[in-house]
Amino acid sequence: TCRAMRLLKPDPVPQELIDRVLWAATRAPSPGNSQGWDFIVVDDAEPKARIADAIRAAMAERVASMPRPDRTTRLMLDGTAALIDTLDQAPVLVFVTGPVIYPPAAPHERFTWSALYPAAQNIVLAARALELGSVFTTLHLTAEPTVRDVLAIPESIRIAAMIPIGWPVGRFGPVNRRPVEDFVHRNRWEGDKRGVGG
């Protein structure tokens with residue numbers, strides 16, 4: 001039932017719950033146990049507003065103009081539009097970031113992402129366990145210079161995700177997924193099972 005919750009109440013979230021979410025993030029696996037992650041927790045109104053304004057300027061019209069050919073796409077894009085419009089009201093924004101540090105003798109960026117994305121997934125799962133809504137986003141990419149400036153993030157640090165966290169407006173519910181058999185190949189590639197490519 002851990003679904004994307006793009007509509008969040010502005011009600012504050014106790015710091016204790018955010019601490020528990022971040023503790024869960026640091027239980028994620030990382031290459032060689034390098035633990036190459038840093039989490040920037042933004043709960044002050046001024047930086048949230050500056051980041052939200054920059055993302056809104058970059059994305060609001062683009063998202064509004066995207067086609068919505070089916071229910072799934074419509075729900076996702078309408079939710080994204082609502083998130084962009086209310087991003088400054090989200091109680092907390094967590095940025096999952098980290099340096100390129102592994103392997104120590106010859107650091108390579110691909111290992112950075114293999115640490116940051118599991119940590120981000122743990123944030124989303126822990127938030128759900130605590131009845132908090134969250135959504136994994138890469139909206140920061142559309143306004144990265146502003147994000148880096150506002151949060152003083154050096155260019156050497158990668159930003160994997162921006163995760164708004166708060167009390168959800170809607171209800172958690174079952175996720176819509178295709179059968180496992182659509183994705184599993186036994187011992188060799190068995191061809192496209194989903195009808196989306198070769």
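A helix's expected span is taken here as 1.5 Å times one less than its number of residues. Helices (H or I, at least four residues) and strands (E, at least two) are DSSP runs, numbered from the N terminus.

This is a predicted model, where local features need pLDDT of at least 70, side-chain atom pairs count only at pLDDT 80 or more, and totals for chains, interfaces and linings use all residues. Residues are numbered from 1 along each chain as its sequence is written, and side-chain values use heavy atoms, with hydrogens and water left out.

**View 1. Helix 4, residues 109-129, and what covers it.** With 21 residues at 1.5 Å a residue, helix 4 should span 30 Å, and its end C-alpha atoms sit 31 Å apart, so the two agree. Buried here means under 20% relative accessible area, with exposed over 50% and partly exposed in between (1.4 Å probe, protein chains only). The buried residues of helix 4 are Thr112, Ala115, Leu116, Ala119, Ala120, Ile123, Val124, Ala126, Ala127 and Arg128. Their cover includes helix 1 (15-25), plus strand 1 (38-42), strand 2 (92-99), strand 3 (133-134) and strand 4 (157-166). Just past the end of helix 4, look for Glu131, which has a positive phi of about 70 degrees.

**View 2. Helix 2 (residues 45-65) against helix 3 (residues 71-86).** Their axes (lines fitted to C-alpha atoms over the stretch in contact) are 10 Å apart, and the packing angle, on a scale from 0 to 180 degrees between N-to-C directions, is about 155 degrees. Helix 2 and helix 3 are therefore roughly antiparallel, the label for angles over 145 degrees. From helix 2, the contact (heavy atoms within 4.5 Å) takes in Ile55, Arg56, Met59, Ala60 and Val63; from helix 3, Leu77, Thr80, Ala81, Ile84 and Asp85.

**View 3. Arg148 in helix 5 (residues 144-151).** Is Arg148 buried or exposed? Arg148 has a relative accessible area of 8%, so this arginine counts as buried. Skipping neighbours within four places in sequence, Arg148 is in contact with Ile153, Pro154, Glu155, Ile157, Arg158 and Ile159.

**View 4. Ala28, in the loop between helix 1 and strand 1.** Ala28 is another buried residue, at 8% relative accessibility.

Terms used
Angles under 35 degrees count as roughly parallel, over 145 as roughly antiparallel, 65 to 115 as roughly perpendicular and the rest as oblique.
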